[in-house]
Amino acid sequence: MSKLVIVGTVAFDAIETPFGKTDKILGGAATYIGLSASNFNVDSAAVSVVGGDFPQEYLDLLKNRNVDIEGIEIVKEGKTFFWSGKYHNDMNSRDTLVTELNVLEHFNPVVPENYKDADVVMLGNLHPAVQQGVLDQMSKKPKLAILDTMNFWMDIALDDLLSVIKNVDVITINDEEARQLSGEYSLVVAARKIHEMGPKYVVIKKGEHGALLFHNGNVFYAPALPLEEVFDPTGAGDTFAGGFAGYLAKTGDFSFENMKTAVIYGSTLASFCVEKFGTERMQNLTDKEIYKRLDQFKSLTQFDIELT
């Protein structure tokens, strides 16, 4: 069985959308990535940090989904990372109300010994120096290193970010971040410039407008499934990344053709994530539900046309 190392936050979120609001609930990039990747029967481990205030039931949830939690450090005297945000009516834009780094401020990741030879490493959104620190701990070069990042790190740690980008195979960012990182408005040109920074593959996420995959002049587009209701977009990008990484770890095929399928799996899982608040929808997802939605994706994108 392929091994997958997942690095990112395991955290508390408090979310307000036009559909309602929550108190502190389970969140964090590594949480969403782990729950999403767990649908592919891969041997995965989460590397993160939480405080003494983090409930055991949340750790058990990850463990019960076959996500190894040995790499989640518990700082008993500390408090867990907390983020609070409010989404606007269009559900694409949001305001951050509270960010409390807490134990994340001094986080030094430690990859469990038996995962240092993992085939796939998924570097969730964290300080790029921390992401590089994880790659440095691997006993062999991973067959596939995937990096997710955001505009915040472009603003405050661009040199560190450019340094780690050189060492990964895939980068996943949204369209706004791709434009900022590249200085280009056209996403095709932006992807080409980011490709020149090091990654062989560039995935640009466009929220409700799907995702683009770029590789050596080739482009693949996956739409987002039109949904009747979107309750909470929090974690959708991380869920996409988890599905993408989980499928690639399961198949061990890192070709452009298989990456296309991985993008579809990522989009499929992200479409479930937004249907309820936080991780609720992802906690009890079944294979039957996933396959049914994959079939919907297939119907959405397939057509016959005679070219004369």
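Leaving aside neighbours within four places in sequence, Met259 touches Leu144, Val170, Tyr201, Leu213, Phe244, Leu248 and Phe254. Met259 is also one of the residues with the most contacts inside the largest nonpolar core, along with Leu4 and Phe244. This is a predicted model.

**Overall chain**
- An unreviewed UniProt entry annotates residues 2-281 as "domain: Carbohydrate kinase PfkB".

**Nonpolar cores**
- The largest nonpolar core holds 58 residues.
- Helix α9 (residues 256-273) gives the largest share of this core, 10 residues.
- In soluble globular proteins, nonpolar side chains tend to be buried together.

- Strand β11 spans residues 144-148, and five of its five residues are buried.
- Which residues of β11 are buried on each side? Leu144, Ile146 and Asp148 lie on one side, with Ala145 and Leu147 on the other.
- In a regular strand, side chains alternate between the two faces of the sheet.
- Strand β10 (residues 120-123) pairs with β11 in the parallel sense, over four bridges.
- Val120 has Leu144 of β11 as its bridge partner.
- From β10 the chain crosses through helix α3 (residues 128-137) to β11. This β-α-β crossover is right-handed.

**Strand β12 and its two partners**
- Strand β12 (residues 170-174) is mostly covered, with four of its five residues buried.
- β12 pairs with β11 in the parallel sense, over three bridges. Here Asp148 stands opposite Thr172 of β12.
- β12 also pairs with strand β13 (residues 201-205) in the parallel sense, over five bridges. Ile171 stands opposite Val202 of β13.

**Helix α7**
- Helix α7 covers residues 187-196, and its buried residues are Leu187, Ala190, Ala191 and Ile194.
- Why do these residues lie on the same side of α7? They cover an arc of only 100 degrees around the axis, which puts them on one side of the helix.
- The cover over the buried residues of α7 includes β12, α6 (175-182), β13 and β14 (211-215).
- Gly198 follows α7, and its phi is positive, near 145 degrees.

**Positive phi outside glycine**
- Asn66 has a positive phi, near 65 degrees, in a residue other than glycine.
- Asn66 sits in the loop between α2 (56-64) and β6 (67-68).
- Is Asn66 buried or exposed? Asn66 is exposed, with a relative accessible area of 57%.
- Asn216 also has a positive phi, near 50 degrees, and is a residue other than glycine.
- Asn216 sits in the loop between β14 and β15 (218-222).
- Asn216 counts as exposed, because its relative accessibility is 54% and the cut-off for exposed is over 50%.

Key:
Residues are numbered from 1 along each chain as its sequence is written. This is a predicted model: local features need pLDDT of at least 70, side-chain atom pairs count only at pLDDT 80 or more; totals for chains, interfaces and linings use all residues. Side-chain values use heavy atoms; hydrogens and water are left out. Buried means under 20% relative accessible area, exposed over 50%, partly exposed in between (1.4 Å probe, protein chains only). Helices (H or I, at least four residues) and strands (E, at least two) are DSSP runs, numbered from the N terminus. Two strands pair if DSSP finds at least two bridges between them. The arc is that of the directions from the helix axis to the C-beta atoms. Contact means heavy atoms within 4.5 Å. UniProt positions are given in the numbering used here, feature names are shortened, and annotations may be inferred rather than shown by experiment. A nonpolar core is a set of buried Ala, Val, Leu, Ile, Met, Phe, Trp, Tyr and Cys residues joined through side-chain atoms within 4.5 Å. A crossover is right-handed if, with the strands pointing away from the viewer, the path from the first strand over the helix to the second runs clockwise.
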